[in-house]
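Morning, everyone. I'll take a few minutes on how two chains are built and where they touch. Please look at the screen.

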Amino acid sequence: MYEINEAALQAPSNLGIVWWAPILYIISFVVLGVLSRTKIKYTYFVPIIVSFISIGIFITVFSTYVSNNWERYGCDIIGVCWNGIDPWFVIGDIEMHFGAIIDGLTVTMLGLISIVGSLVIIYSVSYMHDDPRKTWYFSCISFFIAAMLFLVLANNLLLIYVAWELVGLGSYLLIGFWYGKQTAVDAAKKAFITTRIGDVGLMVGILILGTSFTTSSGAIGTFHIPDIILAAQQGMYSTSELNWGCLLIFLGAMGKSAQFPLHIWLPDAMEGPTPVSALIHAATMVTAGIYLTARLFPLYEISTIALTVVTVIGLITAIIAASMALVMNDLKKILAYSTVSHLGLMIFGIGTGGYAAAMLHLVAHGFSKALLFLSAGNIMHSLHEETDIRKMGNLRHYMPITTICFLIGALSLSGIPPLSGYFSKDMLLHGVTHGKIDFTNIYFLLSLGFIFLSSLYMTRVFILVFWSKSTTEYKDIHEAPKTMNIPIIILTFFSIVFGIITCLIYQDTLLDIMHLVTWGFLDTPLHFEFDLILTILSVGFALSGIIAGYFLYQENYVNKSVFNSGLFKSLNSLISQKYYLDDAYNWIVSNVVNKVTAIVSYIDRAFVNDIGINSPGEAIRATSNKLRYIQTGKVYNYALFIVLSISVIVLIWIFLETGKIL
Amino acid sequence: MDSWILPLILIVPVITLLAILFIPKNNDETIKNITIFGSAISGILSLYVFMAFAQTRDPNQFDFSMVWLRNLSIRLDFGVDGISALMVLLVGIVYLTGTLISCKITERIKEFFILYILLIIGVYGVFISQDLFFFFFFYELAVVPMYLLIAVWGHSSEFETFNRTKEYGALKLMLVLVASSILIWIGILSTFVVANQNSFLFKDLIDANIGNDFQIFIFPFFLIGFGVLAGLWPFHTWSPDGHVAAPTSVSMVHAGILMKLGAYGILRSIEFLPAGAQEWMWLLLILGTINVVYGALSAMAQKDLKYVIGYSSVSHMGYVLMGLATLNVIGVAGSVLQMFSHGIMTALFFALVGVIYERTHSRDIETLDGLIKPMGIAGTLFVIAGLTSLGLPGLSGFVAELFIFIGVFQTNPLMAILGVIGAAITAVYILRLIARIFFGTVSEKWANLPDISKFELIPSVILAFFIVFMGVLPIYFIDAVNESVKELINAYLSNFVAG
């Protein structure tokens, strides 16, 4: 049914090395896991070396990919598929191989994970220097990166599910890394459970897509992604199967990528160490949902209902999260809401058909946001874990490098040219205006609103942290050490040049790689096209956000009475309470979930057990209690009983023989 | 030599038992050493049986046959296929680890081990018997010692609104199981008569082609009779109460092996009552799904650590029953794998609960906190067991549950969805439990508890090893099970093709 292209078959012999990236990280995980109970120092060299090798592997795969020109083979081929020889397991007739897809999408994600992973590991060496459990920390990071690499390589929905759960475990372990802190423990639990709720959808969606048709080889179903996509394009799924499959899988993506209303775990997840927030909760794991939706985009393309849901959910998330980022006072939480908001934008972009633009934004955002988180880590490191931005200010005099890097990251995310955020955002907007979707105008206006909001909250953070007058006295404040600043500077470099390189200089080769090959039917832009009106609009809104931010927060217009009364005030309190979503969830947990479980447990004891199981026993006991009075132990009682019984029997016998009594 | 392996598997515990019987009462150390030695040999034999089977996958290689009662033609007939080979391995693992954990017992150790080994002989016997009469004989042999083990060595507990004495737990367990045995015994005798083969052998009963009407009439006797032992809703309450009352190693055997006997019994009765099975499996599917969701919800409300694990067993056994009810290869294979996976996982849970209880003298999850600080290894192992329980890939439970989901999804998508939701509920209560008792700040009274000791560590690590091994390399277990299940299901299906 699905055949690998001949040209692709010749090449992959040296692509097997791609597996070494996750395998080495797993080795690092095991080695450090064993060493974590010893007192050996310098264990962090293992993951550092592994991460360099993994970057090397990425470069090899990347150059092989580019030189072989695998980007276009028509709509049924996606790069190279590679199956291991021994199956991992066999289900009935379905063999489950460790198989990889290596196409533009995978290569892109490989690059992002390897590079950001490596930089975060280096940064962590200084950041976690004083922590006694840092070996375990690096072990968990290795585990996470291994699972994440595995996730983007997998060519099979079940393997994706496996990796999906494992990255969730990595996130759980790292959020709850400081397990002595109750907030961290609760946040870890909340993250795992919320994403697990989404995973119910993912599992059921996979089951629907995997078992709804019979393959040519006679197996009951297949979880092999190219087969599924081909089957969908050949119309082997009924409309409802495809709709439900796509919608439920998207539920999983919503959990992992923190889409409204399952986004509540991500801001809490900031309880973990800051490098973890940069790696897992900004650049990689939270993008897994976007990756999955992009990977299965050909299915969503056919299922218009699912695609509409994707678009709307993405847009709602983008705007609601941006509004929350505007009013929060915790530096990491602002960045977290900003992440949620940008993830929403990517999902929205996929919904409008611009999956290539969404992937571009994923990478641009990954670099910029990792940079912002690591800068925040610098600040917290200097200010003794302080995260409240109202207690900061004027930091530009003390931490110049951090200030410049943070500024570039913030401008990139606000979409100011020529930083990379500008290119990806414009490409997304281009998709909105040119895509064949309904309500284009409304979508376009709302995305301009998003741009305004995102540059406004970025300006607010920047002014309050680095520019405005400080309200507190700093003690022994200093710029971060070099090992922490170098990764940040490298990320800044990527934030600056990534967009220019991919969209202007090497547009024909590099941006092609971002394509998932032309699977699709939608006529959406796969290249960055300069559109003057669009640029003026988007940059104009971004600049107006910055200017508004300057007046509001630097000149303190925000304290004027207009903003503290009427509509603004109630809006502010609504948003500050996170739209009462957390309260609503807590209410559900305490009033519905806990009540239901208490009732079930009560029914179990009072009815199923006490009435169903005990009462027959007690009935028998009560009956025998009564009956035992017959058993008096006195011979004359028994004799009487015998005589009575015999008489009754004789009477019955006579009755039966003669038909009458006496 | 191979044909003597299976009798040997029974003889080794018998010899161990006799040896203990003749040792004077006060030689506790000698008794312990002999039991450990005996259980280690049994463990190795069980491992050998499984590995030898996995190599050849020949269901006849271990066959052993001996006439026992000529007049009734009752035969002592042993043999294993992939399903029972895996179960034999499970018994071996839990037997060995349970023995090591029991070394903590101080009172009446001789009597304890005698009853404990008697129980194990019964369980081994069930899994290797190819003859319905001995199947039932060993089945009863396994159930009876439970009463004494719980009533004598158990714990009574008081809760806010109700009490559970160990005598109550033991009595309830005994009465419910004996009542269910009556159903099974009626089923066995009437099947024997109706089949009219003058034989209790499974294969003769299968060949007998028992009439459909009778099959449909008699199958519920087997279904409910065995189902009770598998924790089938609404006859499950003996199980959590029994767990709470039982001493650690008995809980391990109880949840780890005993409950599997019931599921295994249903599996075997499908073979000779295919039409009955086909008629009644909808009931098992629905009850199994109720088990999953209801058990998980009940577990969430519990305040006692052992009750949480007890109800989680009810919930997980629901997956086994759901898998059986699919009557397709994927579902039944998943069900068999789940039996093994749940067996080792829950044994690990109870072993660790025993470790915690021994140190804190509390099982109340409200009072325990931050235990991972003083008890790092025990905590890590508990987290591994917990992650297995919520079906994390890479650990043994995932593959089994995945197979069951796929199998059930083909027969009844709604039940499969409820099953997946059940797994999510499991995640909620397990993570709540772990966060509650292991993480957070540790209160002062627990801060200096000793970590796991050698006799507790070795069995826990053995169990954790099998959890991870099966999770990472499931193919090894699946290959052994798959063909036997395929044969079973093909034989089952052929009944309907022929007529």
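First, the ground rules. This is a predicted model, where local features need pLDDT of at least 70 and side-chain atom pairs count only at pLDDT 80 or more, while totals for chains, interfaces and linings use all residues. Residues are numbered from 1 along each chain as its sequence is written, and chains are lettered from A and ligands numbered from 1 in the order in which they are written.

Chain A. It has 25 helices and 4 strands. Those are DSSP runs numbered from the N terminus: H or I, at least four residues, for helices, and E, at least two, for strands. Chain A has 662 residues, and 53% are buried. Buried means 20 or more other C-beta atoms within 10 Å of the residue's own, with C-beta atoms placed from the backbone. Now contacts: two residues whose C-beta atoms, placed from the backbone, lie within 7 Å. Of those in chain A with a separation of 6 or more, 82% link residues 24 or more positions apart.

Chain B. Here we count 18 helices and 4 strands. Its radius of gyration, taken over C-alpha atoms, is 21 Å; the globule rule gives 23 Å for 499 residues, so chain B is as compact as a globular protein of that length. That rule is 2.2 Å times the number of residues to the power 0.38. In chain B, 62% of residues are buried.

Last, the interface. 38 residues of chain A contact 42 of chain B. On the chain A side, β2 (89-91), α6 (157-175), α7 (182-211) and α24 (581-627) each give two or more residues.

Notes
A residue is buried if 20 or more other C-beta atoms lie within 10 Å of its own, exposed if 12 or fewer, and partly exposed in between; C-beta atoms are placed from the backbone.
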